[in-house]
Amino acid sequence: MYMYLPIALTSVNYLVVVGLGLAVGLLSGLFGVGGGFLMTPLLMMIGIPPTIAAATDANQIVAASASGCFSHWRLGNVDAKMGILLTLGGFAGGAVGVQIIKILRAAGGADFLIKMTYVLMLGGVGSFMFFESLAALKKNKQAPAAKAAAAAPAKKGGFLSSLPLQTHFEKSGITQSAIVPLVLGVFVGVLAAIMGVGGGFIMVPVMIYLLRMPMHVVVGTGLFQVLFTCIEVTILQAHQNHTVDFFLALLLLIGSVFGAQIGTALGKKLHGDQLKILLAMIVLAVTVKIVLELVLEPSLLLAYAGGH
Amino acid sequence: MKTIMNRMKQWGAVAAALLGLIAFSASTSQALTAEVSPREVEITMSYHGAKLTISGQSAASDDLVLKISTEPRDTAMKRYGKAAGLVWMKNGTLEFKGVPGVYLLNTTADLQRILDDASLAEYRLGYEALGKAVSIEDLKGEPVDHDKWFDQFIRLKEKEAIYGIKEGTITRQHGENGNTFKIVVDWPYQAQPGTYKVELLAVNSGKVVDTAATSFEVKRVGTAAALSKMALEQSLLYGIMAVIVAVVAGFAVGAIFKKGGGAH
């Protein structure tokens, strides 16, 4: 029942860890997010040191997103062109974000600022998605066909269409300047680096509301982007900080690759707005949990260094 | 005897005073001995802690205190505080100077009853005595409420099972083989690989009258050892391997599900 983790230096019940992988992998397949914002705290709860929890989770997400991405690719849900632009932007943004955080840390009081940004961001994104998809679901009941038609065409004209490098994104069915996803990628990368998360839960709403991509393509493309980001993070963490526990990752990914498949299959049965409202509810639940942690006095006032 | 001599060296000045007492207790009854089994605790993949048996001989009239610990070291920890008077956050770092990595005590009776305060302090027995030997510094130079933070430190370490005081747990037998004692210690899996020292103190009339010491080692073996070595020495290769395994596993399971008709 127990397995010793040679890097984390602790012993875990492997059924629990595989179960965690399965649950978070399911969310990946369903929503196109990595799920790090859920997995890292869960790992810390079972006794994994924070730095190792975060780094190993990235390794696990590689497997879950590869699994989900593979299936979504076959379903024609991955906009690779869009995904590559967002990923490139994300890499650049991540590098900028790391520098910003160094400057903020040196100035002091950064952690408070970061935590507040995180809470506001999660709460804001979650609430917006919740109410938007709730309204859409209500409308949808009355006229499902009209809704589908209304959501499809991207906004034409104005500033965005005057930008150079206008590109047609076939899978998403939109025409957009290549600069737009690049810039949005940078934006998400900066935020993700500052908050110490993968950024899936920001990238997904960005694709839905700013790039106006269809929900199922958002999920497939989100997984594509998460896959490449987490490959980079895993190698960097293993090389520079020695914080990737391969055995822990292995246990997690045994669960998550299957979870991602189940999530993908389940996602096919759900409407885009149903997916959105579910994701919104999870994001809001995480927000509430973080707010409670901030407001209630911790049972222990000491902790090991690391983590976010 | 060799182990007794080692102990002597560590306590320098105290040694001279103790020698007389040891000679006294040895001549009136029997020598104090302590053996730990196994001497090497191997961390394999299925490791979930171990059972350590510590046994030996002691004078019938003495009480016993067994301490398993490491050399004192300095440890930095994050502390929670109220940021902006509103929210609880990790907003400071405390350095605990001179704390053992592991601190497990077992005795034949209540520490407070069998030892006087001076002896408790001298041998750092009990959290109160240990706390007095530890200094806590705030890295920003702010004043530290020593008792509050040392108490938090103990609570954290007890939660991890690497600190603990169990009184009255050592069992003794008086028979043909002389006066023997034995205790089985649940060795916590949370304790990191390393060398641990085992100190046995014989106590009489509030004072330590004899000591014996031994040690054991906890180390990773087999796959666990090879993997941790690779993670440190060939970290880039290790990272790439971790990624390749993850990608292959992901694609493989994706392909299996496709075959199984999971996708249309």
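Let's start with chain B: of its 264 residues, 47% count as buried. Keep in mind that this is a predicted model. The secondary structure of chain B comes to eight helices and 13 strands. Now look at contacts in chain B with a separation of 6 or more. Of these, 69% are between residues 24 or more positions apart.

Next, the interface. How many residues of chain B are in contact with chain A? The count is 61, and they meet 51 residues of chain A. A general point on how this is described: the size of an interface is often given as the accessible area lost when the parts come together. Here, the area buried between chain B and chain A is about 5000 Å². Carbon and sulfur atoms give 73% of that area.

Which parts of chain B supply the side that touches chain A? Strands β5 (73-83) and β6 (87-99) each supply at least two residues, and so do helices α6, α7 (222-233) and α8 (235-259). The largest share comes from α8(B), with 19 residues. By class, this side of chain B has 37 nonpolar, 14 polar and 10 charged residues.

What about polar contacts between the two chains? There are 16 residue pairs in polar contact, counting pairs with both residues at pLDDT 80 or more. Salt bridges across this interface come to zero.

Let's zoom in on one lysine, B:K157. You will find B:K157 in helix α6 of chain B, residues 146-159. Is B:K157 buried or exposed? B:K157 is buried, yet has no salt bridge. The nearest side chain of opposite charge is B:E160, and it is 4.3 Å away. Leave aside its neighbours within four places in sequence, and B:K157 is in contact with A:Y304, B:I162 and B:Y163.

Now the salt bridges. Over all chains, the count comes to 12. The general idea is simple: side chains of opposite charge can pair when their charged atoms come close.

In chain B, B:R79 and B:E142 meet in a salt bridge, 3.3 Å from N to O. That pair links distant parts of the chain, 63 residues apart. B:R79 is in strand β5, and B:E142 is in the loop between β8 (135-138) and α6. B:R79 counts as buried, at 13% relative accessibility. B:E142 is partly exposed, at 39%. Another pair in chain B is B:K97 with B:E95, with the closest N and O atoms 3.2 Å apart. B:K97 counts as partly exposed, at 24%.

Over to chain A. A:K276 and A:E132 form a salt bridge, 3.7 Å from N to O. How many residues apart are they? The answer is 144, with A:K276 in helix α12 (residues 272-295) and A:E132 in helix α5 (residues 110-142). A:K276 is buried, at 8% relative accessible area. A:E132 is partly exposed, at 24%.

One last stop in chain A: helix α2, residues 36-45. Its buried residues are A:G36, A:F37, A:M39, A:T40 and A:L43. After α2(A) comes A:G47, with a positive phi near 100°.

Terms used:
Residues are numbered from 1 along each chain as its sequence is written. Chains are lettered from A and ligands numbered from 1 in the order in which they are written. This is a predicted model: local features need pLDDT of at least 70, side-chain atom pairs count only at pLDDT 80 or more; totals for chains, interfaces and linings use all residues. Side-chain values use heavy atoms; hydrogens and water are left out. Helices (H or I, at least four residues) and strands (E, at least two) are DSSP runs, numbered from the N terminus. Buried means under 20% relative accessible area, exposed over 50%, partly exposed in between (1.4 Å probe, protein chains only). Lys and Arg count as positive and Asp and Glu as negative; His and the chain ends are not counted. A salt bridge is a side-chain nitrogen of Lys or Arg within 4 Å of a carboxyl oxygen of Asp or Glu. Contact means heavy atoms within 4.5 Å. Buried area is the accessible area (1.4 Å probe) that two parts lose on being put together, summed over both. A polar contact is a pair of N or O atoms within 3.5 Å; within protein, one must be able to donate a hydrogen and the other to accept it, and residues adjacent in sequence count only if both atoms are side-chain atoms. Ala, Val, Leu, Ile, Met, Phe, Trp, Tyr, Cys and Pro count as nonpolar, Asp, Glu, Lys and Arg as charged, and the others, Gly among them, as polar.
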